[in-house]
Amino acid sequence: MPAPRTVLLTGAAGGLGTLMRELLPDYGYQLRLLDLLPIEGEPDAIVADLADKAAVREAVRGVDAVVHLAGISLEAPFEKILKANIEGTYHLYEAAREEGVGRIVFASSNHAVGFTSSPRADDPLIPVETPHRPDTFYGLSKAFGEDLAQFYWDKHGLETVSVRIGSCFPEPTSVRMLSVWMSPADGARLFHAALTAEHVGHSVVHGSSANTRLWWDLTTARALGYDPQDDSEPYAAKLIAEQGEPDPADPAHTHLGGHFVTDPPIWPY
Ligand code: NAI
Ligand code: 15L
């Protein structure tokens, strides 16, 4: 696949979408933006619901690739997750197939595997092959998205990199995030690698910076050419002083998905 130039960024009004709108153009991409919500200062952004098949098809027409961030990003009633994340992602894949778009970068989540135990001191890092263990309906929709991506690759030759993102925010805000944080700059590095690596088929990668306290294995991400530059460690002393060391008796501290396993934050916040 030739290196993509024109990229549809769905979910462009959201937190990660806003960060990627700032960072991805530096890699030479021309972004076409889509979101349910209008974006201030972006009059050309497409305002559309993923539920609208015709609008989604029109949005993908002529782009080289899609970075798919749109959807409900926390726990919500199943019916809402079904519409936005499951049906919505299906509409996107079907539109991409019909319009001959070669590659999608799918924003999966650690919550697709959130019930996986977080590794203790000498345990090996969690591999990408770890079985799906969703911690919420939200995580279940991300497991579905990864399977949908595999299906569209096997059946239709549409490539995807499913990025199981840890926590991509300007700074880590919890002790758990020290282990799964991805700086926005590393996020852009990883999305760029996912857009440009050759012959990805359907690849699943973990999305984190090179954190000292990393919980999961970045081998498949590095194989795409991803070379993370950041580490959450400079934030560690302050966060541990404020929040304490993780409690091994608290399920929220012993699972990859953190408090999503017991008390998930609800969307919209
Ligand atoms: P966000 O909630 O800030 O942004 C999501 C955007 O999608 C919103 O602007 C919303 O309006 C839009 N959206 C929701 N339903 C839609 C629909 N039916 N049609 C069109 N647009 C719709 O979430 P954030 O943090 O920016 O995350 C972006 C993506 O990355 C999400 O898919 C999320 O699940 C995933 N992710 C994010 C992580 C993070 O640390 N920020 C971690 C793991 C995954
Ligand atoms: C996610 O999947 C969410 O979209 C994001 O808001 C964070 O909660 C992140 O996971 C996390 O686990 O920190």
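Modeller: Phenylalanine 191 touches Met20, Leu24, Leu69, Val105, Val163 and Ile165, where residues up to four places away in sequence are left out and contact means heavy atoms within 4.5 Å. The model is a predicted one, in which local features need pLDDT of at least 70 and side-chain atom pairs count only at pLDDT 80 or more, while totals for chains, interfaces and linings use all residues. Residues are numbered from 1 along each chain as its sequence is written, chains are lettered from A and ligands numbered from 1 in the order in which they are written, and side-chain values use heavy atoms, with hydrogens and water left out.

Phenylalanine 191 belongs to helix H6 (residues 184-196); helices (H or I, at least four residues) and strands (E, at least two) are DSSP runs, numbered from the N terminus. Its relative accessibility is 1%, and phenylalanine 191 therefore counts as buried, a word that stands for under 20% relative accessible area, with exposed over 50% and partly exposed in between (1.4 Å probe, protein chains only). Between the C-alpha atoms of phenylalanine 191 and valine 163 there are 8.3 Å, although the two residues are 28 residues apart along the chain.

Strand E6 (residues 159-165) and E7 run parallel and are joined by six bridges. Six of the six residues of E7 (residues 202-207) are buried, so this strand is largely enclosed by the rest of the structure. From E7, His202, Val204 and His206 point one way, and Ser203, Val205 and Gly207 the other way. In a regular strand the side chains alternate between the two faces of the sheet.

The open sheet has seven strands with parallel pairing, in the order E3-E2-E1-E4-E5-E6-E7; two strands pair if DSSP finds at least two bridges between them. E3 and E7 are at the edges and each has a single partner strand, so one side of each lacks a neighbour in the sheet.

Helix H2 (residues 53-60) has Ala55, Val56, Ala59 and Val60 as its buried residues. These cover an arc of only 130° around the axis, which puts them on the same side of H2; the arc is that of the directions from the helix axis to the C-beta atoms. Among the elements that cover them are strand E1 (6-10), strand E4 (65-68) and helix H3 (78-99). Turned away from the buried side is a face with the exposed residues Ala54 and Glu58.

Finally, there is ligand 1, to whose shell E5 gives the most, with three residues. Helix H1 (15-23), strand E5 (103-109) and helix H4 (137-156) each supply at least two residues of this shell. An oxygen atom of ligand 1 lies 2.7 Å from a polar backbone atom of cysteine 168. Of the 820 Å² of accessible area that ligand 1 has on its own, the protein covers 93%; accessible areas come from the Shrake-Rupley method with a 1.4 Å probe, and for residues only the protein chains shown count as cover.

Notes:
Polar contact = N/O pair within 3.5 Å; in protein donor to acceptor, adjacent residues only side chain to side chain.
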